[in-house]
Amino acid sequence: MMSLFTNLQILTHPTANGDHPKQDDYTVTDFPLPDSKIVREVRDFVQNELSSQTYNHSHRVYVYGVALVKSHFPSWSYDLETYYLACLLHDIGTAERFLAATKLSFEFKGAIVARDLILNVGGVEDQADSVCDAIIRHQDIFVKGGNITMIGQILQLATILDNVGIRANLLHPALIRTTCAAYPRNGWSECFAQTIERELALKPWCHTSSFEVPNWKEGITSKFASDVRGNDVMRPYN
């Protein structure tokens, strides 16, 4: 089952707001990766399709997401394997053979690829649907109101944290440092900024354009790409 969640719970949570939010002293070793036949087959697929920078980003997103929940929302109940699959696959639509081969935004194409893959390797439909929905929604950062699944909300929080640095103060610096050591960024900020710019050039209508200034058009500098390049929190690790 997919748990419903509203973003207001983040904004009003007592340990996750204010100038000095709670920071538990975790390191990357506190968050081992799930392992199963489905996980291994999906991971092999992802490694074959994505750059090492994107693959490492997916693992940082897993660690940061699980840590955020453990520190600030310990009552949340969700499936770690399903979340890990969503992390592994959330950027699959940026793979070379998918990005330019469709008019779909990378999140939507990636969600379709992810759902089909999970079903093909033996996953159940409920899990495949949960991953698919989370990937579709993971860049709906500016949507106000409405609900989202728990997996989707965790994925949103963790991806924007790694990409732009938003809400990084909810995590202990030791966790960020050890996670970046285990899964190096290797210039991720520039890598992802270039992916943003490439998709905007290929598909000016893409969902990524929702991060841009009103009436954005080709030739205008991408605000989203600039924000990614300007991620001061993660700059020491790039």
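Tyr-62 is buried, at a relative accessible area of 1%. Buried here means under 20% relative accessible area, exposed over 50%, and partly exposed in between, with a 1.4 Å probe and protein chains only. Tyr-84 is buried as well, with 0% relative accessibility.

The model is predicted: local features need pLDDT of at least 70, side-chain atom pairs count only at pLDDT 80 or more, and totals for chains, interfaces and linings use all residues. Residues are numbered from 1 along each chain as its sequence is written, and side-chain values use heavy atoms, leaving out hydrogens and water.

## Aromatic pairs

Rings of Phe, Tyr and Trp (its six-membered ring) pair if their centres lie within 6.5 Å; planes under 30 degrees apart are stacked, over 60 edge-to-face, and the rest tilted. By this rule there are eight aromatic pairs. One of them joins Tyr-62 and Tyr-84, edge-to-face, at 5.2 Å centre to centre and 65 degrees between the planes. Tyr-62 sits in helix α3 and Tyr-84 in helix α4, so the pair ties together parts 22 residues apart in sequence. Helices (H or I, at least four residues) and strands (E, at least two) are DSSP runs, numbered from the N terminus.

Phe-192 and Phe-224 also pair. Their ring centres are 5.9 Å apart and their planes stand at 90 degrees, so this pair is edge-to-face. Phe-192 belongs to helix α10 and Phe-224 to helix α11, so parts 32 residues apart in sequence are tied together. Both Phe-192 and Phe-224 are buried. One aromatic cluster is made of Tyr-62, Tyr-78, Tyr-83 and Tyr-84.

## The overall fold

The protein chain holds 11 helices and two strands. From the N terminus, its elements run β-α-α-α-α-α-α-α-β-α-α-α-α. The radius of gyration is 17 Å, close to the 18 Å that the globule rule gives for 238 residues, so the chain is as compact as a globular protein of that length. That radius is taken over C-alpha atoms, and the rule is 2.2 Å times the number of residues to the power 0.38.

Along its principal axes, the C-alpha trace spans about 40 × 40 × 35 Å. Buried residues make up 52% of the 238 residues. Of the contacts between residues at least 6 apart in sequence, 76% join residues at least 24 apart. A contact means heavy atoms within 4.5 Å.

## Two nonpolar cores

A nonpolar core is a set of buried Ala, Val, Leu, Ile, Met, Phe, Trp, Tyr and Cys residues joined through side-chain atoms within 4.5 Å. The largest has 56 residues. Those with the most contacts inside it are Val-42, Val-46, Tyr-64, Tyr-83, Leu-89, Val-131 and Leu-171. Helices α2 (37-49), α3, α4 (80-89), α6, α7 (125-137), α8 and α9 (173-182) each supply at least two of its residues. Helix α3 gives the largest share, nine residues.

Another core lies apart from it, with 12 residues, among them Phe-192, Ile-196, Leu-200 and Phe-211.

## Helix α10
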